[in-house]
Amino acid sequence: MPNPIASEVAKSVFLKTMGRLLPRLPLPVLWGLGDALGRVFIGEKGLVIKDQLKTLLPDLSPQQLDEILVTAMRNFRKDLLEIWTFPAMDQQRINAMVTFSGKEHLDAALARGKGAVICLAHFGSWKIILPALAYNGYTVHQIAANPKVFVREGESHAHNAIMQRELECEQSLPVNFIYVNEKTVHKELFKALKNNEIVVVALDGVIGTDRLVVPFLNGTMALSRGPVSLAKRTGAALIPEFAVRGVDNRHVIHLDPPISLDGDNAVEDALNTFAKRFSEMVTAHPDHYARFLYTTQKYPVDEVGSIIGQREGTG
């Protein structure tokens with residue numbers, strides 16, 4: 001495992017040299033570079049990730065945990081490098097990177113004229129849906145935490161530089177980013193859905209405290225109520241989304257049928273339905289969520305702590 005100081009120096013040098021050249025690289029070269037970096041830069045994250053995986057998927061063997069960790073870090077680096085190419089993104093390039101499964105559900109929802117709330121998790125490349133939709137003619141709004149929120153004095157120079165770079169890259173997209181605590185969020189969201197547009201939001205983010213704790217694999221997860229309540233109040237369709245990276249490194253963006261928002265307990269029922277579907281996806285592709293398990297531990301949520309927890313009677 002590399003020396004932490006050497007790793008930080010290497011990351012800083014990479015940012016200053018290769019960072020701006022990445023958009024010019026052919027996709028196979030970009031993905032190959034991500035694979036190589038993912039094998040090198042794991043560090044202390046590895047132990048935390050495997051510990052969290054054992055909580056959620058206790059039947060995994062030590063060998064499986066090691067394999068999942070390596071694949072997760074390789075995928076994470078490829079995801080990051082792809083984000084750094086956003087300033088040079090266009091329809092041809094994004095369509096060489098992604099395909100859709102279930103886009104008819106989104107189109108049918110928009111045909112109703114009340115907009116759509118696409119609910120996702122930090123699973124796979126969670127930002128790839130933004131250029132995939134925006135460069136194919138959809139009007140997209142993303143509710144998110146500003147990456148600068150994670151720029152802190154206690155963090156390394158490389159980490160803070162990466163967050164700043166991520167902000168620059170996402171703002172290069174033809175997407176309206178609605179950063180929590182920086183804009184009149186509710187007004188913008190209601191306007192977007194009234195205009196029959198798309199709002200994208202992660203239910204498992206580390207921002208916000210209005211949450212419902214639901215069963216998730218062998219543990220629990222605290223999911224945000226707000227986006228589901230928004231869909232119910234406006235009549236917008238609530239559509240789960242999961243991006244899966246294939247063996248050819250292209251992403252398949254899965255858009256599920258809308259979750260029902262009928263009934264007196266619609267919000268709670270919808271969050272449980274999402275969690276069940278999410279559990280299925282993580283069981284099938286644990287390497288797609290493993291890296292974010294480190295983030296859930298590093299950035300606890302006020303009044304909740306880590307959004308990932310243990311069920312009573314386990315552990």
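Does Asp 256 count as buried or exposed, and at what relative accessibility? In this predicted model, Asp 256 counts as buried, at 11% relative accessibility. The cut-off for buried is under 20%.

The side chain of Asp 256 meets that of Arg 277 in a salt bridge, 2.7 Å from N to O. This pair links distant parts of the chain. Arg 277 sits in helix H11, while Asp 256 sits in the loop between strand E9 (251-255) and H11, 21 residues apart. Arg 277 is partly exposed, with a relative accessible area of 25%.

Now follow helix H11 (residues 266-284). H11 lies across E6 and E7 and runs at about 40° to E6. Those strands belong to an open sheet of three, ordered E6-E7-E10, with antiparallel pairing. E6 (211-216) and E10 (308-310) are the edge strands, each pairing on one side only. On average, neighbouring strands of the sheet are turned by 35° against each other, direction ignored. Strand E7 (residues 219-224) is joined to E10 by three bridges. Gly 219 stands opposite Gln 310 in E10.

Back to charges. The whole structure holds 13 salt bridges. One of them joins Glu 82 and Arg 245, at 3.1 Å from N to O. Glu 82 lies in helix H4 (residues 62-83) and Arg 245 in strand E8 (residues 237-245), so the pair ties together parts 163 residues apart in sequence. Glu 82 is buried, at 0% relative accessible area. Arg 245 counts as buried too, at 9%.

Asp 107 counts as partly exposed at 32% relative accessibility, and Lys 103 at 28%. Finally, salt bridges link Asp 35, Arg 74 and Lys 78 in a network.

Key: Residues are numbered from 1 along each chain as its sequence is written. This is a predicted model: local features need pLDDT of at least 70, side-chain atom pairs count only at pLDDT 80 or more; totals for chains, interfaces and linings use all residues. Side-chain values use heavy atoms; hydrogens and water are left out. Two strands pair if DSSP finds at least two bridges between them. Helices (H or I, at least four residues) and strands (E, at least two) are DSSP runs, numbered from the N terminus. Axes are lines fitted to C-alpha atoms, for helices over the stretch in contact, and angles run from 0 to 180 degrees between N-to-C directions. Contact means heavy atoms within 4.5 Å. A salt bridge is a side-chain nitrogen of Lys or Arg within 4 Å of a carboxyl oxygen of Asp or Glu. Buried means under 20% relative accessible area, exposed over 50%, partly exposed in between (1.4 Å probe, protein chains only).
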